[in-house]
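Please look over the sequence and the model shown below before reading on. The notes that follow take up a few topics in turn, and each can be checked against what is displayed.

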Amino acid sequence: MPDPSPPITIANFQRLIREMYLEKDLARGVDGTFMWLMEEVGELAGALRSGTHEERLGEFADVLAWLATIANVVGIDLTEAVTRKYGTGCPGCGQLVCVCADAEKP
Ligand SMILES: [Zn+2]
């Protein structure tokens, strides 16, 4: 039996996307890349509304891939970003189970 692939972490997913696409992504630039992300977000909305589980899997993957692409283009480490903001709990109330008022964004 072949070795199973290591689990994909945020860090190695971002690295994978960088290795596959960085040259093209840099040539396209952040504005064009952001448009692709928004297109994929729209496709995710469609899949959530009326798609199959398989279609939803694909659209979630696409949104994450384009988000990672934009992070690569502008030099953002996604692991650092999420660790800083969410690594110790809700950024609003600081709790691991959010207790922010319903009217607040989190
Ligand atoms: Zn909170």
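Is the crossing of H1 and H2 left-handed or right-handed? The crossing of these two helices is left-handed. This is a predicted model, and the points below describe how its two helices pack, how a pair of residues in them is placed, and how a zinc ion is held.

**The two helices**

- Helix H1 covers residues 10-50 and helix H2 covers residues 53-74, and the two pack with their axes 5 Å apart, at an angle of about 140°.
- Because an angle over 145 degrees would be needed for a roughly antiparallel pair, H1 and H2 are described as oblique to each other.
- Sorted by class, the residues in the contact of H1 with H2 are 24 nonpolar, five polar and ten charged.

**Residues in the helices**

- Arg28 is part of helix H1, and with a relative accessibility of 31% this residue counts as partly exposed.
- Val73 belongs to helix H2, and at 19% relative accessibility Val73 counts as buried, because the cut-off for that word is under 20%.
- Although Arg28 and Val73 are 45 residues apart along the chain, their C-alpha atoms are separated by 9.4 Å.
- Val73 and Thr88 are 15 residues apart along the chain, and the separation of their C-alpha atoms is 27 Å.

**The zinc site**

- The zinc ion is coordinated through the SG atoms of Cys90, Cys93, Cys98 and Cys100, at 2.2 to 2.5 Å.
- The arrangement around the zinc ion is tetrahedral, because the four donor atoms subtend angles of 102 to 118°, and the term asks for all angles to lie between 85 and 135 degrees.

Key
Residues numbered from 1 in each chain as written. Predicted model: local features only at pLDDT ≥ 70, side-chain atom pairs only at ≥ 80, totals over all residues. Heavy atoms only, no water. Donors = N, O, S within 2.8 Å, 3.2 Å for Na, K, Ca; no water. Tetrahedral: all angles 85-135°; square planar, octahedral: opposite > 155°, others 65-115°. Axes fitted to C-alpha atoms, helices over the stretch in contact; angles between N-to-C directions. Helix = DSSP H or I, 4+ residues; strand = E, 2+ residues; numbered from the N terminus. Parallel < 35°, antiparallel > 145°, perpendicular 65-115°, else oblique. Left-handed = near helix turned anticlockwise from the far one by under 90°. Nonpolar A, V, L, I, M, F, W, Y, C, P; charged D, E, K, R; others polar. Buried < 20%, exposed > 50% of the residue type's maximum accessible area, 1.4 Å probe, protein only.
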